[in-house]
Amino acid sequence: MAAKQPPSTRARPAFSPLPIGASSPEAARERPESRAPGRKAVRVALLSYLQKLWIFSPFSSMVEMKVFVAAALLALAAAEGYFRLPNPYSYSCQDGLCVKEERIVSGEYNSLDKCQITCGEYGSIWPQPTGKVELSKETVSFSPLHMRVTKAATSDNRVARMLDNAIQHFTRTIHFLHPDFPQTEKQPLTPEDFENTGHFNQKFQNEDPAQQEQYRQRSEYDRNQLRQRPRYSREEPESFIRRSPFLRKRSNPGVESHNVNIEITVTASDHKLRLDTDESYNLVIQTVGDETTATILASTYYGARHALETLSQLIAYDDINNAVQVVRDAQIQDAPSFRYRGFMLDTGRNFYPKEDLMKLLDSMAYNKMNYFHWHINDAASFPMYSNRVPKMTYYGAYDARKVYYPEDIREIVEYANLRGISVIPEIGGPAHNAAGWQWAQKEGKGKLALCTDSNEPWFELSKEPPSGQINPINPEVYPILGELYRDLMDYFDPEMVHMGGDDVSFKCWQSSEEIQQYLSQTKRESTSREYFELWNTYQSSAYNKLQEAAQGRQVTPIIYSSSFARNYIDKDSYVFQISEFANESVIADYIKNGYKVIFSNQDQWNLGCLTNTWVGDKAENCPSEVPTWENFYRNSPLDMLEYLGVNNARSDIQQADGTNTKNLVLGGEATLWSFDTDANGLQSKIWPRMSAFAERLWTDPQSSLSGTSFTQKRLNIQRQRMVYRGIAADPLQPEFCLQDEGACFSREQYRARTTLNNQQ
Amino acid sequence: MRGSTTCSATCLLACVVLLIPTTSAFFSLPSPWGYKCVNSTCVKEENTGVSQARTLNFCKLTCGEVGVLWPRPTKAVVGDNVVEFIPTNVTQKTTCQQGVCSLLDQAVRIFKDNLHRHHPEYSKGWATWVGPWDPATIAHKLHLDITVEGGETRLGLNTDESYTLRVSTSGSTTTAQIIAPSYFGARHALETLTQLTEYEENRDTLMVVNDATVEDSPAFAYRGILLDTSRNFFDVKSIERTLDAMAANKLNTFHWHITDSHSFPLYLETLPKMAYYGAYSSRQVYYPADVRHLVEYGRVRGIRVLPEFDAPAHVGNGFQWGEKQGLGKLAVCVNQEPWQSYCVEPPCGQLNLANPKMYDVLGQIYNEMVELFSPIDLFHYGGDEVNLNCWNTTDEITSWMDENNFGRDADAYYNQWSVFQEKSRQLLTAANAGKEVPGILWTSHLTEEGRADQYLDPTKYIIQIWTTGTDKLIGELLEKNFRVIFSNYDHWYLDCGFGAWVGEGNNWCSPYKGWQAVYDNNPHEIAANLTGNTYTNSILGGEAALWSEQVDETSLDSRLWPRGAALAERLWTNPSHNWEPAETRLIHQRQRMVARGIMADRIQPQWCHQNEGLCYL
């Protein structure tokens, strides 16, 4: 689009001069006209200003006057090409922070982008790697068009295809670094986009040793050919690259001759992420002459994918050369601290379109998170299209446009897998069920869900409106549940299935005539003990249905922690999700009793508490203070266990009783209950707070937050990076703080820094 | 309809393929649910085909006293039936004076576009209307008959924004008759008319209430949103969207806090170095054409774009060039550390009172701003949060104070600050070709107890209140005859409730101000509580402020809306009740904004929209 603009507007690259669509027809007429006289006005205004100065001269001496006039004339001359001048500031790395300084004309110019990726021990890598990290302080610039994969070694065809996709995603993120890449075009890569790039697929589909050798030992002739022929010049470029500003204008000549080669080796053939998947990787960047080679070694696709993520974080825009720059030499060894780094999204209370879920998966991948817990339905709606029980959806969806069809779900699951993410579906129970179950009564199946009468006050029956709970004594319930589980097996092929198990209201069952009759017929009292038994009837029947549906595949159920779960649930068959507030003593009991757990402390890792005022004006179930990124960062499962008296929580050594805390703590999950969120507010509510969470689980840093300014600066950059990639993450600070890393400090940080400086 | 339960893994694919045709046909069946209006509430019930169940949109339009109009009109009677039409079938007749007619043409064009935006598949100025329609629908016409009596083309504090709207249907025409004393009232009437239309999902048409009478005028003359574009930058498109959403809520003032100590994103043609040194980057700059465009974009939508140049504090980055050009230091304490000693938040900076050349530059800034925003009817001077320690630790200023025998105590500095303010006012008036316009100032040390009338002339200044609604100061200002605008932070600061951006914990004005808190803030009540008098003439209105330390264009919409809509009803209607009766209408207004392309936040599960009145406390 910029190429079509009249030359006069090119000097001011800030905005597209055309307004959005038909929404502003008047603007379309006026803006181009008003731009042209604007420039004339500069001169007129300046001249009149100079005249005024002459008459009412405020300057005390002629010299000053001359200086000012000269400056003004200079400004006049420069006005059009004004912002083509380089930035007035340069950055230097001081004690791990990029400090802004006015640029000295003769001095060396270091851009902020360069400083960000090279300054400090970890540059701007997020999450911080757990192994060795060495980064050179220098960068080397290249055109993204001269970056290619010269080796993608794997013995598995499927992994090869997955690598192709990962490389494409990686390439996109590099093109997105250009500030003129239109933000609206940064949409998830559709399968069609990917299909269009056949040449990619063919090239690395198999591990033909001869072919690999050929790539490795390219002749000088080949190299010259490659240099002269940017890769995308002949072939039809991929749709996203077609929009890349890097394609419209060549990089500076000095940069054009530099090649970046990426060599990937994956040794194992895993093509589905599981809890025991090895996600580690090695990344080495070496620059010799005009060749930079990034070598990635990983045992699985998932490690290799993470390596590309890290590599993308070592590359930044180069504003001088219309190019990008990569850290010249680097060595990184990395592996996650926790196996389960998850996020739960509730699509039952409000619906999220498929594209938004894909964007969510992209953004999780940018932070190396690996499990997406999909809370599909709730009492409010049932948006999953069930092939086997379509009436669930007919009655339960908000409307016909707010449905996840099987093909949508499969696409999302496959998309997630390519991003290194496994999807855990949840159709939970017995609480949180109403929408969708209405159809059965008319067909003579009785009430499948109880307490759904809106004439009853919801607060007597559940935690929130709408109320509704599965009827555990209606035998019709379980075959239907079984059918829904079969649907889940078909759509998701899941490693784990979440069964809910939270917020069960005994008051609901108590108020139900049907349940009361059942209890009196079977000569039982209306006591909480009996209600626990009812719950157990539900849970064990549901469990059996799930295992039936799995047809011999191993599917691990997850259940929310509760006193029911502690007393009735077999610790070896289930994984427990702990929603207790941090430091509640009961948390230690799970570990002491050998449960496998996922931490999800709702006072620390609940993303929904930001604006929660949906029922009335009081926030419920939220701490009085909004969990900030520091809460997400600081909440350490292992430290919490140590504090609660679990010995050697951080130790790798097996304890005397044969258990190992680190094996029992699978990881953590941040949650977003969609009471007052839908796709409009999703990204800004979860990011960048969830990035902080991601580093806690990937890196599990042991040091306290005393170095917050270092963490804060990397987090600011990570946020900025996500915005470049089309994610609407919230800013944590004014952009000023991103541009001057040492400027926005608290008193504590200031003291810590001055002490540090004094020591040096 | 049920799929085979014995389907094995191998035939699964076949099953899926077989099911696809049924899948797509599935939801073209009518929804199993319908709605009935019972006691002014839309009640969801199963659609048995026997009773007269309506669609949700039909019910929303016609149920209750005013349907889903937002902000609630002063007086409205809304009929209980609708007629269907296709949005391409809209005609108009306008009676107006020349300057007004061209504005009116644009307003009608926006109105028509908004009709198309009701369609769920609207995208980029276009929606597919495919029917099937019956002949009566195809023949039906919506006719606009608009009369504007006055010739005003610029919004002022005295502009009459009232209107009457009569919708009536006879035969195959629904006529919307609009009579308004000014263009601005007529524009509001078109917004109201849009709210009397909705999408009809079964027949892919629009419906309009067949019969309605609305007589309406605002409770307050000043109904504003503040956006700070200095802490973080907002691109022009995001500001356009904000103006669109403001127009949808009949808000009329976009208070543009353009600059601050953090950045100076305004390109001034005679002082280009301000942006060169002060903008975050060359792409984060408002060029003159952008500003003029936004001023006009707002005017067409009934919105005054009000410029603020905050001084003498809240300046800094952008002023660094002065010294090098031989003008001396224009600002002092710029980026000085530790910031805690010299300002309220990093980075610091304050104008250099001791440097007479500072006034030349200030005058020049005013010249350009007045020209860009012209003609201005108000100007915001900022004037908040001056840090005396900054001035008192700057040698240049202390020696200037000593040389002139001004003294060095707090009062001495306040005196000089007020001298600065008076000079600023004169410079602005000069820039405005000698025409005085009321200036707006934030509450500050100058307006503290017993000080305001000592330093400031109530006939020349309007005070914008940002302290809490219980501050005695508010009473004092009213009693001293200042005109005021309310922005008390305990209700109308939309940036509260997030993590602190320096250090730990939540930010200073936490918690988050939910829409309920925004809605319930009643300026007249505050005044009455403090003084026993509602001061209806002195209270010009109110404004919600979005300071942008922790927001930028990525999440602007969800931060502002729908809370801005809650503010709008408080200022337009000034209802005597609290938020509760407004809830279902607000949820619908939020849906409407989303349909128009505003990424407004959800405030409840969609279930509450479909099950009116059941998400009670």
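B:R292 is partly exposed because its relative accessible area is 21%, and B:E371 is likewise partly exposed, with 42%; the term covers values between buried, under 20% relative accessible area, and exposed, over 50% (1.4 Å probe, protein chains only). The side chains of B:R292 and B:E371 form a salt bridge with an N to O distance of 3.1 Å, a salt bridge being a side-chain nitrogen of Lys or Arg within 4 Å of a carboxyl oxygen of Asp or Glu. This pair connects distant parts of the chain, since B:R292 belongs to helix α8 (residues 288-300) of chain B and B:E371 to helix α10 of chain B, 79 residues apart. Helices (H or I, at least four residues) and strands (E, at least two) are DSSP runs, numbered from the N terminus.

This is a predicted model, in which local features need pLDDT of at least 70 and side-chain atom pairs count only at pLDDT 80 or more, while totals for chains, interfaces and linings use all residues. Residues are numbered from 1 along each chain as its sequence is written, chains are lettered from A and ligands numbered from 1 in the order in which they are written, and side-chain values use heavy atoms, with hydrogens and water left out.

Side chains of opposite charge can pair when their charged atoms come close. Over all chains, the count comes to 63 salt bridges. One of them joins A:E138 to A:K114, with the closest N and O atoms 3.7 Å apart. A:E138 lies in the loop between β3 (133-135) and β4 (139-142) of chain A and A:K114 in helix α4 (residues 112-118) of chain A, so this pair ties together parts that are 24 residues apart in sequence. A:E138 is partly exposed at 41% relative accessibility, whereas A:K114 is buried at 13%.

A further salt bridge, 2.9 Å from N to O, joins the side chains of A:R650 and A:D700. A:R650 sits in the loop between α25 (637-643) and α26 (661-664) of chain A, and A:D700 in the loop between α28 (689-698) and α29 (708-724) of chain A, so that distant parts of the chain, 50 residues apart, are linked. Both A:R650 and A:D700 are buried. In chain B, a network of salt bridges links B:D228, B:R231, B:D260, B:E345 and B:E549.

The next topic is the nonpolar interior. In soluble globular proteins, nonpolar side chains tend to be buried together. A nonpolar core is here a set of buried Ala, Val, Leu, Ile, Met, Phe, Trp, Tyr and Cys residues joined through side-chain atoms within 4.5 Å. The largest such core has 133 residues, and those with the most contacts inside it are B:W256, B:Y286, B:F309, B:F319, B:W391 and B:W561. Helix α10 (residues 356-373) of chain B gives the most to this core, namely ten residues. Leaving aside residues up to four places away in sequence, the contacts of B:W256 include B:L227, B:I239, B:Y286 and B:F373, where contact means heavy atoms within 4.5 Å. A second, separate core of 117 residues includes A:Y352, A:F382, A:L448 and A:W535.

Grid points are joined across faces, edges and corners, and a volume is the space filled by probe spheres set on the points. The second largest pocket holds about 1,200 Å³. Its lining comprises 46 residues, with A:Q438, A:C451, A:T452, A:D453 and A:S454 nearest its centre. β2(B) gives the most to the lining of this pocket, with six residues.

There are 19 cavities of 30 Å³ or more, and the largest cavity has a volume of about 190 Å³. It is lined by 19 residues, of which A:R689, A:L732, B:F498, B:G499 and B:Q550 are the closest to its centre.

Finally, the backbone. Most residues other than glycine have a negative phi, and most peptide bonds are trans. The bond between A:W126 and A:P127 is cis, with omega about -5°, and A:P127 lies in the loop between α4 and β3 of chain A. B:D204, not a glycine, has a positive phi of about 55° and is buried, with a relative accessible area of 6%.

How values were computed: 1 Å grid on protein atoms, 1.4 Å probe; cavity = no way out; pocket = protein on both sides within 12 Å on 5 of 7 lines; lining within 4 Å.
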